[in-house]
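Have the coordinates open while you read.

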Amino acid sequence: MIPNRSPWLAQLNRTRPTTPLGDHVAADVAIVGAGIAGAVTAYFTLRDTMNSVVLLEADRVAHGATGHNAGQIVSYFERPFETIVKEFGLEMANEGQRAIESAWGLLDEILADTNLQTPVYRFQGYAGCATLEQVVEHLEENKDRIAGGLASETILLAQESKWEELLPLEYKGLYSVVPQADVLALLETQDMRYMALISSAKGCMNSALFTEELIGYLLSTYGGRFSLYEESPVAKVKLSEDRAVLDVRSHHVEARRVVLATNGFEQFHIENESGSDIDTKFHHLVQGRIGYMAAYLESMNAPPTAISYFPKDASVSGDPTGEAYFYLTRRPHDEGEGDAKNLVCAGGPEQVLPNHALYTRSDHFREDIRESLDEFLRSTYHHYPNPATEYAFSWHGLMGYTPGGLRRIGIEPCNPVLLYNLGCNGVGILPSIHGGKRLARILAGETLERSIFDPVDQRCMI
């Protein structure tokens, strides 16, 4: 039996006491969920407005998806960019991409303003492609990025693939041709299936440690306007025309606005007393998926990186959940003793959580998924030790996926008292940060331009 043990939570070393809600309270803004999305939303709201904020967490700070993720910082969407262009138009799609990429600057801003000590590693990351179709998808994205004023990604094709002969002339200049050995070296593999790579800015950090540190900063800096209550699960959100009341066990929280920044969407209900039903639509807005990851320690003999691998199909990948790719990250890991080590994390397998099913964090790690991750590392990552090493950590976490694969950031159309910053869709750190800033602007009274992240797929039937 393999326990669910996350390396990010293992590094918290938290000393702050847990304070559950023990009375009725009131605030200008109530935020549900004290992961990175809720914490950053609270940060920008407190910094940029005079609103008071109460942050409610069913468990403890950062112990949900934020403490059970892969820690990757990436700016791509987990759906083809050309489909976003077709749905929203070139201008809005590129503005959405630009918004996510701008979150790098917001992250820098937070770190500079708060003097947090969480290490953030930045580098050029890579994605390996095994089919021409995968490459064409990225070439189309490059065309759209350039047309919208964004920087193009670097695409390298292996000479041995002969794919250049099959590509239309319209893609000329959007890629370079190099020996396959160069592609494989950057992908850190000897797997000859990979004939191309895409390079883009990536990073990694312990988002749980970042969130815990940020919460500590908010408590010490905005103590008069900020309250945090952990082990305080919300059972119901009741909305009226100008306020919200949140039921938390035998107490309630009253607020002028409420922000949902949580993957615990099956745990509570929304009662709209001032318009159409929201609850039914909300519970179909986000679908739960359980992501699985494992990690081991090795000598610090290589720099931080993040690499994704896209084989030809899921059956080739060997993932029992049917996912068609794997990824790994590598970064320094401080155990507080002995020689410095790198932590190598592998992930990719996911399991869909059926509607109304409850995710249990204490469930053990699936043996078949652990075997698939081991096979991936053994066959792909050329630094993987032989014989195999013991995994130091194996963990899983609940992620929220929206039907359209885009984070939901903004005002609920059925009742503007309710706002969202949710739906990580597998890559949630930068979208969470952008979402926190965008919501703070809304809470400050700004009227913003339409966005691909607006919760429009819940339009009310009047």
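**Notes on the predicted model**

1. Helix α2 passes helix α7 in a left-handed crossing. The axes of α2 (residues 36-48) and α7 (residues 207-221) come within 9 Å and cross at roughly 30°. On the α2 side the contact is made by I36, A39, V40, A42, Y43 and L46, and these meet S207, F210, T211, L214, I215, Y217 and L218 of α7. Sorted by class, that contact has 11 nonpolar residues, 2 polar ones and no charged ones.

2. Staying with α7, have a look at E212. Its side chain meets that of R16 in a salt bridge, 2.9 Å from N to O. E212 sits in helix α7 while R16 is in the loop between α1 (7-10) and β1 (25-32), so the pair ties together parts that are 196 residues apart in sequence. Are the two partners buried or exposed? E212 counts as buried, at 10% relative accessibility, and R16 is buried too, with a relative accessible area of 18%.

3. On salt bridges in general, the count comes to 28. K143 and E140 give a local example, with their closest N and O atoms 3.7 Å apart. These two residues are 3 apart in helix α5 (residues 132-147), so about one helical turn separates them. K143 is partly exposed at 30% relative accessible area, whereas E140 counts as buried at 18%.

4. Another pair to check is E254 with R243, where the closest N and O atoms are 2.9 Å apart. E254 lies in strand β11 (residues 251-260) and R243 in the loop between β9 (236-239) and β10 (244-248), so this bridge ties together parts 11 residues apart in sequence. Both ends count as partly exposed: E254 at 32% relative accessibility, and R243 at 35%. Elsewhere, salt bridges that share partners join R47, D48, E109, D113 and K437 into one network.

5. The loop between β9 and β10 also holds D242. D242 counts as exposed, at 56% relative accessibility. Which residues does D242 touch, leaving aside its neighbours within four places in sequence? The contacts are R256 and V417. For a sense of distance, D242 and D191 are 51 residues apart in sequence and 59 Å apart in space, C-alpha to C-alpha.

6. Now the cysteines. How many disulfides does the structure hold? The number is 0. Take C345 as a case: its sulfur is 8.3 Å from the closest cysteine sulfur, that of C204, which is too far for a bond. A disulfide would need the two sulfur atoms within 2.5 Å. C345 is buried, with a relative accessible area of 2%. C129 is likewise buried, and its relative accessible area is 2%.

7. Not counting residues up to four places away in sequence, R438 touches I409, L448, E449, R450, S451 and D454.

8. Last, a couple of backbone items for your checklist. A62 has a positive phi of about 65° although it is not a glycine. A62 belongs to the loop between β2 (53-56) and β3 (72-73), and is buried at 1% relative accessible area. N115 is another residue other than glycine with a positive phi, near 60°. N115 lies in the loop between α4 (90-114) and β4 (120-129). Is N115 buried or exposed? N115 is exposed, with a relative accessible area of 56%.

Technical notes:
Residues are numbered from 1 along each chain as its sequence is written. This is a predicted model: local features need pLDDT of at least 70, side-chain atom pairs count only at pLDDT 80 or more; totals for chains, interfaces and linings use all residues. Side-chain values use heavy atoms; hydrogens and water are left out. Buried means under 20% relative accessible area, exposed over 50%, partly exposed in between (1.4 Å probe, protein chains only). Contact means heavy atoms within 4.5 Å. Axes are lines fitted to C-alpha atoms, for helices over the stretch in contact, and angles run from 0 to 180 degrees between N-to-C directions. Helices (H or I, at least four residues) and strands (E, at least two) are DSSP runs, numbered from the N terminus. A crossing is left-handed if the near helix is turned anticlockwise from the far one by less than a right angle, and right-handed if clockwise. Ala, Val, Leu, Ile, Met, Phe, Trp, Tyr, Cys and Pro count as nonpolar, Asp, Glu, Lys and Arg as charged, and the others, Gly among them, as polar. A salt bridge is a side-chain nitrogen of Lys or Arg within 4 Å of a carboxyl oxygen of Asp or Glu.
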